[in-house]
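Student: Hey, could we go through this structure together? I'd like to begin with what the record says and then look at single residues.

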Protein chains: 2
Amino acid sequence: MKSGDSTTIEVAEPSSSSKGKATVLVAPKATGWKKGVAIIDFVLRLGAIVAALSAAATMGTSDESLPFFTQFFQFEASYDDMPTFQFFLIAMALVSGYLVLSIPFSIVAIVRPHASGLKLFLLIMDTVALTLATSAAAAAAAIVYLAHNGNSSSNWLAICNQFTDFCQKVSGAVVSAFVCVVVFIFLILLSALALRKH
Amino acid sequence: MKSGDSTTIEVAEPSSSSKGKATVLVAPKATGWKKGVAIIDFVLRLGAIVAALSAAATMGTSDESLPFFTQFFQFEASYDDMPTFQFFLIAMALVSGYLVLSIPFSIVAIVRPHASGLKLFLLIMDTVALTLATSAAAAAAAIVYLAHNGNSSSNWLAICNQFTDFCQKVSGAVVSAFVCVVVFIFLILLSALALRKH
């Protein structure tokens, strides 16, 4: 009876009815598959929160005072000295905040695997957060590279010879931010896979 | 006869059959809407090519020699001097190449608006290209900011007082790269909208 129905529709509207038939036949399997994707999305989101928070925290606590000073000046390096590192801290804090706020939506997506509007919303917000995290990580990486190597053409000297601890902390924060970026790419890939028709 | 069919399936499998019915009924309208989205995608892609190519070309042609020189040294600034600007040039060239190669896929998506595998592929590749373009633009922006303003804590002096033309060209390239990034975000948004079930 059921397959006979499908054939009747197929004659009337060939291209879409075959899709309709497929949906009817594989619906329970598709739901399970989408639930699995939603759970992976949730776990990845937790990982992204850890990466983003540790990046922000490492950058925020990075300051170093050298053990020698003159009468007028103490040698000290902190993220405050560089506008790029300030931007990094703000951007990673924003990304962490967004990720924490997105956790409830991710849980709703596990409970209701067919809510495509929710997935679309998360995908778009993830794309914006990806852009923010990438720009923060890349800008900080450019400055960290300069701090490590300097640049002879423009006469900018490497400062990591003096501020070793500061440079290590900042480099760690940049690596953590790039981990966050990679997790975001996987999150977008998963959302896109789950949005696709089956 | 047709609506009777749908009702029969509805009894058997309530949630998915209503979707199957909707597909059959609104198929022509949905196709037109998806074709429109695909055409906008194509136009945006052309705009992104222009932005990416002009960013790469502006950066590639940015060098300036100062009109005075000593016996051993001529003062010259070029993108070659900064590893970050070299990365910018390579990344924007890669993004331009990807965009040109994606044009045929975009045209196929106009001709066949229901090819969701193609849209998924473009969305994933667009996400990777977005990350590449954003990192290049942000890293170059950090260095350009430093060239304009310098940094007193680390004793890096602003070089834009001397190399005015160079700095203007490089700043233009960064702005162009960010335009490309914004277009990519819209491309991903459109692909996600088109992937969504209706």
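**Annotated spans and what surrounds them**

Tutor: In chain A, UniProt, in an unreviewed entry, places the feature "transmembrane region" at residues 42-60, 85-108, 120-147 and 173-195. Please keep in mind that the structure you are looking at is a predicted model.

Student: OK, and how much of residues 120-147 of chain A is helix, and how much is strand?

Tutor: That span is 100% helix and 0% strand, and its end C-alpha atoms lie 40 Å apart. Residues 173-195 of chain A are likewise 100% helix and 0% strand, with 33 Å between the end C-alpha atoms.

Student: What about A:Ala147, is that buried or exposed?

Tutor: A:Ala147, which has its place in helix 4 of chain A, has a relative accessible area of 5%, and because buried means under 20%, this residue counts as buried.

Student: And which residues does A:Ala147 touch, if we skip those up to four places away in sequence?

Tutor: A:Ala147 touches A:Ala158, A:Ile159, A:Cys160 and A:Cys167, and from the other chain B:Trp156.

Student: Switching topic: how many residues are in the largest nonpolar core?

Tutor: That core has 108 residues, and those with the most contacts inside it are A:Phe85, A:Met92, B:Phe85 and B:Met92. Several helices of both chains each supply at least two of its residues, including helix 3 (83-111) of chain A and helix 5 (164-195) of chain B.

Student: So what is A:Met92 in contact with?

Tutor: Leaving aside neighbours within four places in sequence, A:Met92 is in contact with A:Ala52, A:Ala55, A:Ala56, A:Ala133, A:Ala136, A:Ala177 and A:Cys180.

Student: Now B:Ser135, where is that, and what does its side chain reach?

Tutor: B:Ser135 lies in helix 4 (residues 116-149) of chain B, and its side chain reaches the backbone oxygen of B:Leu132 at 2.9 Å. B:Ser135 is buried, with a relative accessible area of 9%, and, not counting residues up to four places away in sequence, it touches A:Thr134, A:Ala138 and B:Phe87.

Technical notes:
Residues numbered from 1 in each chain as written. Chains lettered and ligands numbered in written order. Predicted model: local features only at pLDDT ≥ 70, side-chain atom pairs only at ≥ 80, totals over all residues. Heavy atoms only, no water. Helix = DSSP H or I, 4+ residues; strand = E, 2+ residues; numbered from the N terminus. Buried < 20%, exposed > 50% of the residue type's maximum accessible area, 1.4 Å probe, protein only. Polar contact = N/O pair within 3.5 Å; in protein donor to acceptor, adjacent residues only side chain to side chain. Contact = heavy atoms within 4.5 Å. Core = buried A, V, L, I, M, F, W, Y, C linked by side-chain atoms within 4.5 Å. UniProt positions renumbered as here; feature names shortened; annotations may be inferred.
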